[in-house]
Amino acid sequence: MARQYVQRLTTLSQLTQWSATKPLLTPSIAYLRPTVNAQRLLTFSAHSQQQQQHQHQQSPSSLQGSTLFDNATGTAAPNGAPSFDRFFNDVTQLKQAPPSAAPSVDNSNAAAGALDDKQGDHKEAATDCFQFVAHAAWHPKNRNARQRQSEDKLPYWKRGKVGNVDAGEDAFFHTYTPYGMALGVADGVGGWAEAGVDPAIFSWTLMNNAAGVAKKAEQTPPIHALQILDTAFHQLRRGGKVAAGSSTACILNLCKTTGEMTSVNLGDSAFVLIRDEKIVYESPSQQHYFNCPYQLTVVPDTYPDRDNFVTDMPKDADQKTFFLKDNDIILLATDGYFDNVYPNETLKLVNATMKNIVSPQDEVADEEVATAVRSLAKSLTDAARRYSLDPKRLSPWARDARAHGSNYRGGKIDDITCIVTLVRGLRRPAATD
């Protein structure tokens with residue numbers, strides 16, 4: 001009798017703590033199947049409502065027109081991910097319903113495809129005030145002659161993922177979403193290579209997940225970049241594909257109807273916002289100590305000294321919200337760029353390349369805009385690569401190293417990834433009587 005009573009109490013306790021992300025009455029492994037925190041979901045829901053009220057006050061008047069995108073720049077393959085609001089509703093309903101009524105949640109990644117008709121109608125109903133033209137460029141640090149000859153022997157995670165490129169330990173995505181564009185970069189922590197783990201597996205998986213979350217999200221207003229990163233990291237840990245690894249991450253989510261941009265930055269990747277030929281914002285670097293940035297981490301339970309690893313979470317990231325304007329330029333890059341190029345050098349390159357685009361004498365064709373953005377991304381990446389190989393240069397990295405007691409001089413050889421985005425306000429014809 002006592003044994004049955006204890007079993008009933010145990011079953012009841014597990015039912016009340018059950019979430020939609022794990023099976024009923026099944027113990028979970030923290031790093032593979034983390035539970036959804038109801039308090040965090042409530043916080044996100046409240047933030048979403050406040051964001052919606054704020055946008056209602058700040059949104060421009062209703063305009064008509066269509067958006068012109070450079071679709072050739074999209075590189076990320078989407079993965080499906082339920083929204084946090086949907087998670088919270090499911091958890092609430094399932095806790096109140098009997099176990100037999102609990103529906104299953106499909107956690108599998110969705111294949112790339114077009115939005116259905118209902119989604120298309122919903123997108124057309126919204127008024128588009130901005131368009132975004134983006135392009136990425138990269139330089140992996142390991143590019144000697146022998147590696148060039150063996151490019152066809154790259155591991156599958158570098159051959160078949162976003163953009164089909166080898167960016168070293170860096171990873172990135174930029175994809176068009178139902179409400180605008182999302183883009184992000186991640187830098188895999190190279191120290192894992194000493195343990196036989198390829199750091200690129202973690203960074204590419206995280207960015208692929210983030211691209212899928214952003215592309216499938218249909219909330220109004222668009223979800224915050226923090227939610228994209230948090231869900232992507234949750235999927236990574238739950239999926240079991242990544243046994244170990246770490247990565248920094250920086251994600252931006254841009255709305256084409258309001259011009260709002262939300263950002264989340266964890267670690268030493270960063271972004272720069274340029275307006276009217278001036279840098280108006282540069283995201284700060286997050287470091288526990290010199291050369292130890294904040295990072296998302298997966299460590300096996302059996303790994304030696306696992307408690308000594310840096311294990312930051314998405315909520316620890318720096319979060320910001322901006323409202324973009326016509327001709328704003330956004331540079332998103334990994335630390336391989338910012339460790340070698342000073343802000344004034346970045347600004348000089350950007351202004352020289354984009355002068356005829358942001359301040360044109362005549363109307364600029366879409367093809368010219370796309371070409372200029374592509375050229376700028378390549379010029380910035382090439383400059384960072386060139387500076388990194390200069391042994392006599394007092395680079396930003398060398399300056400910081402000297403501030404911490406080192407005599408280092410020269411550039412920092414590292415993977416370099418840059419994504420340049422140009423914001424274009426849609427020009428409307430004046431209303432006639």
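User: How do the residues lining the largest pocket divide into nonpolar, polar and charged?
Analyst: Heads-up: this is a predicted model, where local features need pLDDT of at least 70 and side-chain atom pairs count only at pLDDT 80 or more, while totals for chains, interfaces and linings use all residues. Residues are numbered from 1 along each chain as its sequence is written, and side-chain values use heavy atoms, leaving out hydrogens and water. On a 1 Å grid over the protein atoms alone, a pocket is an open set of points with protein on both sides within 12 Å along at least five of seven lines, a cavity is a set where a 1.4 Å probe fits but cannot get out, and lining residues have an atom within 4 Å of a point. With Ala, Val, Leu, Ile, Met, Phe, Trp, Tyr, Cys and Pro as nonpolar, Asp, Glu, Lys and Arg as charged and the others, Gly among them, as polar, the lining splits into 10 nonpolar, 9 polar and 8 charged.

User: Which residues are closest to the centre of that pocket?
Analyst: The largest pocket holds about 610 Å³ of space (the space filled by probe spheres set on grid points joined across faces, edges and corners). Of its 27 lining residues, the closest to the centre are V189, G190, G191, N291 and Q295.

User: What is the volume of the largest cavity?
Analyst: There are 3 cavities of 30 Å³ or more. T177, Y179, N253 and L254 are among the residues lining the largest one, and that lining has 8 nonpolar, 4 polar and no charged residues. Its volume is about 70 Å³.

User: In what order do the 5 strands of the open sheet run?
Analyst: Strands are DSSP runs (E, at least two residues), helices are H or I runs of at least four, and both are numbered from the N terminus. Two strands pair if DSSP finds at least two bridges between them; β6 and β12 pair antiparallel over 5 bridges, with F271 partnering L332 in β12. The pairing in the open sheet is antiparallel, and the order is β1-β13-β12-β6-β7.

User: Why is the F172 and W204 pair called tilted?
Analyst: Rings of Phe, Tyr and Trp (its six-membered ring) pair if their centres lie within 6.5 Å; planes under 30 degrees apart are stacked, over 60 edge-to-face, the rest tilted. A search of the whole structure turns up 9 aromatic pairs. For F172 and W204, the centres are 5.8 Å apart and the planes sit at 50°, so the pair is tilted.
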